[in-house]
Amino acid sequence: QSIGCDDYLGSDKVIDKCGICGGDNTACKVVSGVFKHTLTNLGYHKIVEIPEGATKINITEMSKSNNYLALRSRSGRSIINGNWAIDRPGRYEGGGTMFTYKRPNEISSTAGESFLADGPTNEVLDVYMIHQQPNPGIHYEYIIPGDNVISPQLLAHRRPGEPLNGQLGMPESTNHEDEDLHRETDTLTGQSAGTFPVIQPGRFPSHQPENQVPAVQPPRQNREYNWKQIGKTECTTTCGKGSQYPVFHCVNRITHEEVSESYCDSSTKPIPEEEACNLFPCPAFWDIGEWSECSKTCGLGMQHRQILCRQMYANRTLTVQQYRCHHLEKPETTSTCQLKICSEWQIRTEWTSCSVPCGVGQRTRDVKCVSNLGDIVDDEECNMKLRPNDIENCDMGPCAKSWFLTEWSDRCSAECGDGVRTRSVVCMTNHVSSLPLEGCGNNRPSETTSCNNGPCAGKVEWFAGGWTQCSTECGSGTQQREVICVRKTEGNFDVLNPYDCAYLEKPPSQQSCYLKPCGSKWFHTEWSTCSKSCEGGFRVREVRCLSDDMTASTQCDPQLKPEEKEPCNTQDCIPEIDENCKDKYYNCNVVVQARLCVYTYYKTACCASCTRVANRQPGFLGRR
């Protein structure tokens, strides 16, 4: 049969998470959580506070990172990884318990660091993270006693009759049965405190099944035999302060011969007390850390490891000055490494033919990163700076002008009956510039083709004709087309009033067009009025050079500049015949030669001659 945690044969009691034999996990409280705060500043950041009395402590980094965990007491004493000094994984004493510091292998493991301790702690401890990169998350968990739970340490160190939590304890009794019962009560009470009980040597309670007859007590031993120290246990360590206990045997007082312990009074047997031994410090040694990851994933790289001079004393490993390890050869801190031979670039195919038959195109070839085993791997495994080009331009010479066509449109212009499908046709050269159509000859491919989606059953619809040519050879212009309302029957069209198609969306009858940019051109205003109505005058206009965006330009051809001034009305003047304006004398030419037309008398007497000369010489009549 198995033995339960209560030391009874056949018992099925086990210790619960609170450390209580046969407990129901209610005598303690589990505190857990995850520290996920985003940190910005480098250095120490407090994560969680571990209270006094905590047990089953577990602080674990959720994934590997370049951060470190640190632990120190509330008094400021550093326990692990303090003062920017990173300790080696191991066991460290602090807060009344022993912490196990674990740092998994830096190359093969993805697990993070951790602190583990059984507890209980005798002071408040603070857990920190030395932040160097984004926080992967820190999981923390510990157990604290519940309310009204008595600590086993309180019971173990309490003197009989001393008050416990404000209540008077059981007085010491000389009755052996009462004393055994008292010991049993202490032990069981200690198990309910949320921590494992401290078992004192010789303090096990005596349990007897109810159906068993008590054994007859042996007669009181006489004083011929007594307890004698015959030696000590072996020291727990060979150096650096260990512990040992005295060994007592029952001997004959006269002959000092060892006899059975039954001859001695067990109640007088001394309780072995711990004694320190081998107090001299252990020799210093080199503590060798794990190798870091290789600096390169392939080829020759470097890796590093931490080498510390350490010394063991009082079950603690301390970092000491390196001169203490001078008697030993110091291991190397750096080493070359090579995880595998680097992959290399291989050109798997020749250049393809050029992507165009003429003009500038591109050609390609297959370039792969190949491992030393001949396998194709990711490009990142090869040196990207040495990667051969897998694409380049190729020039196949100038292209001849030719017609370029798009595919026919998928949709017929008519939903039923005869319709057309369209495509774009353009004359191009060098696969870039669109040129006037005369560069490709007169055999322009058709832009439309007939199509038929089946007979129509008198369906009314808008019918749009083809677009006219663009109103301009360059720049923005317009195109027109005719849009009519028709009813299509088998083999015939009936033109209807536009009102009959009003419920349908009417196609546009005009659209803008743009063949190509015009560049800078000469612009001019209309001619002004001629300066004279006959016998030669002149007229003027303003001429400007403008670019496509209608801003002043200097790129126009000066030889093509339109004239800004030209002659006009060069015909002879023909006087109008006025019946009331006639010469009354035959010698009016003498009046004209004498310049007498300025006088009213002569101007009237020789009206026709004076008027004629006035038309040839403006201002003649108004000089006097």
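Close-up 1. C5 is partly exposed at 21% relative accessibility, a class that lies between buried (under 20% relative accessible area) and exposed (over 50%), with a 1.4 Å probe and protein chains only. This is a predicted model, in which local features need pLDDT of at least 70 and side-chain atom pairs count only at pLDDT 80 or more, while totals for chains, interfaces and linings use all residues. Residues are numbered from 1 along each chain as its sequence is written, and side-chain values use heavy atoms, with hydrogens and water left out. C5 forms a disulfide with C21, the sulfur atoms being 1.8 Å apart; a disulfide is a pair of cysteine sulfur atoms within 2.5 Å. Because the torsion about the S-S bond of C5 and C21 is about 90°, this disulfide is right-handed. C5 and C21 each lie in the segment before β1 (28-35), so the pair ties together parts that are 16 residues apart in sequence. C21 is buried, with a relative accessible area of 12%. By the disulfide rule the count comes to 18.

**Close-up 2. The disulfide of C412 and C451.** The sulfur atoms of C412 and C451 are joined at 1.9 Å, and the link is right-handed, with 85° about the S-S bond. The pair links distant parts of the chain, 39 residues apart: C412 is in the loop between β25 (402-405) and β26 (418-422), and C451 is in strand β29 (residues 448-452). Strands (E, at least two residues) and helices (H or I, at least four) are DSSP runs, numbered from the N terminus. C412 is buried at 10% relative accessible area, and C451 is buried at 12%.

**Close-up 3. The disulfide of C474 and C518.** C474 and C518 form a disulfide with a sulfur separation of 1.9 Å. Their link is right-handed, with 105° about the S-S bond. Distant parts of the chain, 44 residues apart, are linked here: C474 lies in the loop between β30 (459-464) and β31 (476-480), and C518 in the loop between β34 (510-514) and β35 (521-524). C474 is buried, with a relative accessible area of 17%, whereas C518 counts as partly exposed at 24%.

**Close-up 4. The aromatic pair of Y101 and F115.** Aromatic pairs number 3 by the rule applied: rings of Phe, Tyr and Trp (its six-membered ring) pair if their centres lie within 6.5 Å, and planes under 30 degrees apart count as stacked, over 60 as edge-to-face and the rest as tilted. Y101 and F115 form an edge-to-face pair, 5.4 Å centre to centre with 70° between the planes. Y101 lies in strand β7 (residues 97-102) and F115 in strand β8 (residues 114-117), so the pair ties together parts that are 14 residues apart in sequence. Y101 is buried at 2% relative accessible area, and F115 is buried at 0%.

**Close-up 5. The open sheet β20-β22-β23.** An open sheet of 3 strands has this order, with antiparallel pairing; two strands pair if DSSP finds at least two bridges between them. The edge strands, β20 (344-347) and β23 (376-377), each pair on one side only. β20 is joined by 4 bridges to the antiparallel strand β22 (residues 367-370). E344 stands opposite V370 in β22.
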